[in-house]
Amino acid sequence: MMIFCCFEGKERMVEVHRNVVVIGRRSATYGTPDLDLLPDKNVSRRHARLWRDADGYWIEDLNSQLGVLVNGVRALGKRQIKFTDRILVGKTELRVVPSDAKELAAKV
């Protein structure tokens, strides 16, 4: 899957080759998460978990301070996400697309 991250107007794309991704900030206690959202200090060390299964893509808050917003609504428990969803972790906006859909990602 590809994850587009936008923080303070700077966008980057991260391609992940695993089905489960821990999102957060690196720390001495937890090490480096699969998706490190530094320099966004509003992101908890272990903020959220994103995964893919046979039913689609999911996100779950890991008891972070600010929670996870999907299209402006706080995600409680696990929540299925679509490719058009805007996910807010800290002050970083995320978009998730499958790796084989680079053309789709550019249009979203």
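Because the model is predicted, local features need pLDDT of at least 70 and side-chain atom pairs count only at pLDDT 80 or more, while totals for chains, interfaces and linings use all residues. Residues are numbered from 1 along each chain as its sequence is written, and side-chain values use heavy atoms, with hydrogens and water left out.

**Nonpolar core**

The largest nonpolar core has 22 residues, and those with the most contacts inside it are Ile-3, Ile-23, Leu-50, Ile-59 and Ile-87. Such a core is a set of buried Ala, Val, Leu, Ile, Met, Phe, Trp, Tyr and Cys residues joined through side-chain atoms within 4.5 Å; buried means under 20% relative accessible area, exposed over 50%, and partly exposed in between, with a 1.4 Å probe and protein chains only. At least two residues of this core come from each of the strands E1 (2-7), E3 (20-24), E5 (46-53), E6 (56-61), E7 (68-70), E10 (87-89) and E11 (92-97). Strands (E, at least two residues) and helices (H or I, at least four) are DSSP runs, numbered from the N terminus. In soluble globular proteins, nonpolar side chains tend to be buried together.

Once neighbours within four places in sequence are set aside, Ile-3 is in contact with Arg-12, Met-13, Val-14, Val-16, Val-21, Leu-35, Leu-50, Leu-94, Arg-95 and Val-96, where contact means heavy atoms within 4.5 Å.

**Open sheet**

The order E4-E3-E5-E6-E9 describes an open sheet of 5 strands with mixed pairing, in which two strands pair if DSSP finds at least two bridges between them. Its edge strands are E4 and E9 (78-81), each of which pairs on one side only. E6 and E9 run antiparallel and are joined by 4 bridges, and Trp-58 has Gln-80 in E9 as its bridge partner.

The loop between E4 (35-36) and E5 contains Ser-44, which counts as buried at 17% relative accessibility. Not counting residues up to four places away in sequence, Ser-44 touches Gly-24, Arg-25, Ser-64 and Gln-65.

**Salt bridges**

The structure holds 6 salt bridges, each defined as a side-chain nitrogen of Lys or Arg within 4 Å of a carboxyl oxygen of Asp or Glu. Side chains of opposite charge can pair when their charged atoms come close. Among the salt bridges are the following pairs.

| Pair | N to O distance |
|---|---|
| Arg-95 and Glu-11 | 3.4 Å |
| Lys-82 and Asp-85 | 3.9 Å |
| Glu-93 and Arg-86 | 3.5 Å |

Arg-95 forms its salt bridge with Glu-11, and because Arg-95 lies in strand E11 and Glu-11 in strand E2 (residues 10-15), the pair ties together parts that are 84 residues apart in sequence. Arg-95 is buried, with a relative accessible area of 8%, whereas Glu-11 counts as partly exposed at 48%.

Lys-82, found in the loop between E9 and E10, is exposed at 54% relative accessibility, whereas its salt-bridge partner Asp-85 counts as buried at 3%. The C-alpha atoms of Lys-82 and Leu-94, which are 12 residues apart along the chain, are separated by 12 Å.

In the pair formed by Glu-93 and Arg-86, Glu-93 counts as partly exposed at 31% relative accessibility, and Arg-86 counts as partly exposed at 34%.
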